[in-house]
Amino acid sequence: MKINDFNFAGHKAIVRVDFNVPLDENGHVTDDTRIRGALPTLKKVLADGGALIMMSHMGKPKGKVKPELSLSQIVKNVSDALGVEVKFAKDAGHADAEAAALKGGEALLLENLRYYPEEEGKPVGVEKGTPEYDAAKAEMKNRQKDFAKKLASYADVYVNDAFGTAHRKHASTAVIADYFDADHKMLGFLMEKEETAINNVLKNAQHPFTAIIGGSKVSSKLGVIKNLLDKVDNLIIGGGMGYTFIKAQGGKIGKSLHEDDLMPEALNVMAAAKEKGVNLSLSVATVCGKDFSNDTERKTFPIDQIPDEWEGMDASEESIKAWKKIILASKTILWNGPVGVFELENFAKGTGEIAKAVAQATQENGAYSLVGGGDSVAAVNKFGLADKVSYVSTGGGAMLEAIEGKVLPGVAAVEK
């Protein structure tokens, strides 16, 4: 069922949203992007005259009640964004009374789903690889089904609009869908938009197609890089993961971040890129620091000649110049991960320049650009460029898995 074709009047809808928003030490929301992202779906339910039940996780309480991760802290933000007073159920697993009392046009937010270990469905307090673990896992799977069934009992329609957790087979993101028929389960508007954006890049890309993959570790992005080699014309590898590629070729990288065990894989990627005719572009020089702090002494070295006591921290002017040229000539751009230690002001320049180049290619040259992953999203927001790129993905991990070619459980459960 498509959400646009469904009339929620006379229905209770339970919507899985991603309200895992950052809070400061006083419990105030510091970035409400995810709340705003869910509004089209939530407002559609209410505008139709439906009753709205929202459920989400926050952080990683691992099955324990942690007050600092309580969703009660965001009720006001959600109420303000929705324009209705949101009620709160203190216990997601025992919200029968609150759900039953809900009338059309009213909204209820359930407490953090992950206060229940059944949400993630992982055994607690048992070591992996033991016979006890296997027994506990089977038992937990049954408990997870019961928990999902309980959540489903609050409503007669299920909507999944939490792209950020679509790659997880959790009670609220996938298992719950089994308790609704095909006409009463659907993806929300945000999920539909994310799917379209990913398809624009993976299935309908215009060429030249450039992927910019940054961040700290090769290990977390290896599957993505391999899948992209069959699709892109240019692959820019920046950030901490670049040093593994440089060291694998015999370069000196000083104290820079790297993964020795992935050097053979890095060489395989380079060989595969060559074979497929993909232009693989690594940094040529790097801005280094003596230690990992904002005010450390800075110096630029060729990427393969970093002295022992120095650490690569940001892409240099020379690297950015080469990368800008590639980006500005592209018709499709995928960007995931920063090209420097973006959280330190003095080493954020390279990432900022990439953000500007992606925005320029989109605005002036008509490129389609998809930006995803926490730091890349933070970068386009920081430089005020979020509305200058084609699409900003809210789910880093889910986007990466989709780009890796994996089927997302949260999507599959609704579509089966």
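## A buried glutamate, an aromatic pair and a parallel sheet

E259 is buried but forms no salt bridge; K217, the nearest side chain of opposite charge, lies 5.4 Å away. The model is predicted.

What does the side chain of E259 make a polar contact with? The partner is the side chain of S219, at 2.6 Å. E259 sits in the loop that runs between β9 (252–253) and α9 (263–276). Setting aside neighbours within four places in sequence, E259 touches K217, V218, S219 and T244.

**Aromatic pairs.** The count comes to four aromatic pairs. One of them joins F301 and W310 in an edge-to-face arrangement. The centres are 5.4 Å apart, with 65° between the planes. Both F301 and W310 are buried.

**The sheet.** Six strands form an open sheet with parallel pairing. Their order is β10-β8-β7-β15-β16-β17. Which strands are at the edges? They are β10 and β17, and each pairs on one side only. Strands β15 and β16 pair in the parallel sense over five bridges. In that pairing, L334 stands opposite L370 of β16.

| Strand | Residues |
|---|---|
| β10 | 279–282 |
| β15 | 332–336 |
| β16 | 368–372 |
| β17 | 391–392 |

Notes. Residues are numbered from 1 along each chain as its sequence is written. This is a predicted model: local features need pLDDT of at least 70, side-chain atom pairs count only at pLDDT 80 or more; totals for chains, interfaces and linings use all residues. Side-chain values use heavy atoms; hydrogens and water are left out. Helices (H or I, at least four residues) and strands (E, at least two) are DSSP runs, numbered from the N terminus. Buried means under 20% relative accessible area, exposed over 50%, partly exposed in between (1.4 Å probe, protein chains only). Lys and Arg count as positive and Asp and Glu as negative; His and the chain ends are not counted. A salt bridge is a side-chain nitrogen of Lys or Arg within 4 Å of a carboxyl oxygen of Asp or Glu. A polar contact is a pair of N or O atoms within 3.5 Å; within protein, one must be able to donate a hydrogen and the other to accept it, and residues adjacent in sequence count only if both atoms are side-chain atoms. Contact means heavy atoms within 4.5 Å. Rings of Phe, Tyr and Trp (its six-membered ring) pair if their centres lie within 6.5 Å; planes under 30 degrees apart count as stacked, over 60 as edge-to-face and the rest as tilted. Two strands pair if DSSP finds at least two bridges between them.
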